[in-house]
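Then follow a helix and the side chains around it.

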Amino acid sequence: MPESPDIRRKRLLFRSRQRGMLETSLLLRAFAERHLAELDDGQLDRFEILLDANDNDLLDWIVGAKAVPATIDETLLTLIKHLKLTN
């Protein structure tokens with residue numbers, strides 16, 4: 001039985017919060033809380049690919065220390081880069 005969109009978003013939110021590195025956890029959680037509800041299926045697929053990435057690589061891509069591979073959606077990374085992490 002396929003996963004419902006609501007369950008998928010909850011799973012992705014959980015994965016966004018449970019990272020190995022605090023910095024990526026904070027960034028991905030903030031992004032997920034603000035944007036998951038508005039992402040379409042294709043964007044959710046690309047976000048899931050992003051979540052599969054190693055935290056060190058992910059942080060390097062966000063800060064521009066490494067080139068972003070073609071398999072990663074740079075549009076999502078740009079949204080994450082420009083998040084304002086205020087309460």
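Which residues does Phe-47 touch, not counting residues up to four places away in sequence? Phe-47 touches Leu-12, Ser-16, Leu-28, Phe-31, Ala-32, Leu-36, Leu-39 and Leu-76. Contact here means heavy atoms within 4.5 Å.

This is a predicted model: local features need pLDDT of at least 70, side-chain atom pairs count only at pLDDT 80 or more, and totals for chains, interfaces and linings use all residues. Residues are numbered from 1 along each chain as its sequence is written, and side-chain values use heavy atoms, leaving out hydrogens and water.

The largest nonpolar core has 22 residues. Such a core is a set of buried Ala, Val, Leu, Ile, Met, Phe, Trp, Tyr and Cys residues joined through side-chain atoms within 4.5 Å. Leu-36, Phe-47 and Leu-50 touch the most other members. Helix 2 gives the most to this core, with five residues.

Now take helix 4, residues 55-63. Helices are DSSP runs (H or I, at least four residues), numbered from the N terminus. Asp-55, Leu-58, Trp-61 and Ile-62 are buried, that is, under 20% relative accessible area with a 1.4 Å probe, protein chains only. Seen down the axis, these buried residues fall within an arc of 125 degrees, so they line one face of helix 4. The arc is taken from the directions from the helix axis to the C-beta atoms. Their cover includes helix 2 (22-35), helix 3 (41-51) and helix 5 (74-81).

Asp-55 has a relative accessible area of 11%. Its side chain joins that of Thr-24 through a polar contact of 3.2 Å. Just after helix 4, Gly-64 takes a positive phi of about 85 degrees.

Terms used: Buried means under 20% relative accessible area, exposed over 50%, partly exposed in between (1.4 Å probe, protein chains only). Helices (H or I, at least four residues) and strands (E, at least two) are DSSP runs, numbered from the N terminus. A polar contact is a pair of N or O atoms within 3.5 Å; within protein, one must be able to donate a hydrogen and the other to accept it, and residues adjacent in sequence count only if both atoms are side-chain atoms.
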